[in-house]
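Subject: Structure handover

Hello,

Here is the structure for you to look over. My notes on it follow below.

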Amino acid sequence: MIYDNEMTLNFRAVSTNEAFARVAVAAFALVLDPAVSEITEIKTAVSEAVTNSIIHAYDSSEGIVHIWCGLKDNRLYIEISDSGKGIDDVQTAMEPLFTTKPEQERSGLGFTIMQSFMDKMEVFSEKGKGTKVVMEKSVGVCENNG
Ligand SMILES: Nc1ncnc2c1ncn2[C@@H]1O[C@H](COP(=O)(O)OP(=O)(O)OP(=O)(O)O)[C@@H](O)[C@H]1O
Ligand SMILES: [Mg+2]
């Protein structure tokens, strides 16, 4: 596909970058004139995916998180990836309330939140190689924009 606009971000997998990442992606999508609720949904989905890379992929050791975003017509495309430990069983990991870190008070709802806030969400993961979350959302097309 030929996008109207694209951007990439690569940053250290540290928790301070989670706020940076969600604001950066939301700012990139502003040209689509999103409703306030849509900005919140985009930010939350990005935040969940980035947090997963920081906490689960790299287990708080060093690593890089990659974000690619594209715009085409009224649609926002987001890919968030890491080169961390990967996921054993993606289908199970995506089930609501499934978490491998219950001791850290994780609720296992990150993927469920991404799914509900975005129009499309897919997870690709390979053990020992990393994980990629691919999301899409139509933005700014709602009549009650605001
Ligand atoms: N990038 C990733 N790398 C490795 N494992 C991951 C990654 N993202 C998710 N997982 C695995 O999938 C599980 C489910 O993720 P999900 O975000 O739904 O829940 P959580 O992170 O455990 O809890 P919450 O997001 O509610 O704080 C995680 O517990 C973890 O085992
Ligand atoms: Mg999570």
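Glu122 sits in strand S4. Strands (E, at least two residues) and helices (H or I, at least four) are DSSP runs, numbered from the N terminus. This is a predicted model, where local features need pLDDT of at least 70, side-chain atom pairs count only at pLDDT 80 or more, and totals for chains, interfaces and linings use all residues. Residues are numbered from 1 along each chain as its sequence is written, chains are lettered from A and ligands numbered from 1 in the order in which they are written, and side-chain values use heavy atoms, with hydrogens and water left out.

Glu122 is partly exposed, at a relative accessible area of 46%. The classes are: buried under 20%, exposed over 50%, partly exposed in between (1.4 Å probe, protein chains only). Setting aside neighbours within four places in sequence, Glu122 is in contact with Lys132, Val133 and Val134. Contact means heavy atoms within 4.5 Å.

S4 (residues 120-126) and S5 (residues 130-138) run antiparallel and are joined by seven bridges. Two strands pair if DSSP finds at least two bridges between them. Val123 has Val133 as its bridge partner. Phe124 stands opposite Lys132. S4 and S5 form a hairpin with three residues between them. Gly128, in the turn, has a positive phi of about 80 degrees.

**The sheet and its helices**

Five strands make an open sheet, in the order S1-S2-S3-S5-S4, with antiparallel pairing. S1 (5-12) and S4 are the edges; each has a single partner strand, so one side of each has no neighbour in the sheet. Neighbouring strands are turned by 10 degrees against each other on average, direction ignored.

Helix H1 (residues 16-29) packs on the sheet and touches S1, S2 (64-72) and S3 (75-82). The direction of H1 makes about 175 degrees with that of S1. Axes are lines fitted to C-alpha atoms, for helices over the stretch in contact; angles run from 0 to 180 degrees between N-to-C directions. The buried residues of H1 include Asn17, Glu18, Ala21 and Phe28. Their cover includes S1, H2, S2 and S3.

H2 lies across S1, S2, S3 and S5, at about 10 degrees to S3. Thr51 belongs to H2. Thr51 is buried, with a relative accessible area of 17%. Beyond its neighbours within four places in sequence, Thr51 is in contact with Glu18, His56 and Arg106.

**The core**

Which residues touch the most other members of the largest nonpolar core? They are Val46, Ile67, Leu76, Ile78, Ile80, Phe111 and Met135, out of 37 residues. H2 (residues 36-57) gives the largest share, seven residues. A nonpolar core is a set of buried Ala, Val, Leu, Ile, Met, Phe, Trp, Tyr and Cys residues joined through side-chain atoms within 4.5 Å. Not counting residues up to four places away in sequence, Val46 touches Ala21, Arg22, Val25, Ile67, Ile78 and Ile80.

**Ligand 1**

There are 19 residues around ligand 1 (a heavy atom within 4 Å). Asn52, His56, Thr99, Thr100 and Leu109 come nearest. An oxygen atom of ligand 1 lies 2.5 Å from a polar side-chain atom of Thr99. For Ser107, a polar side-chain atom is 2.9 Å from a ligand 1 oxygen atom. Phe111 has a polar backbone atom 3.0 Å from an oxygen atom of ligand 1.

Best wishes

Conventions
A polar contact is a pair of N or O atoms within 3.5 Å; within protein, one must be able to donate a hydrogen and the other to accept it, and residues adjacent in sequence count only if both atoms are side-chain atoms.
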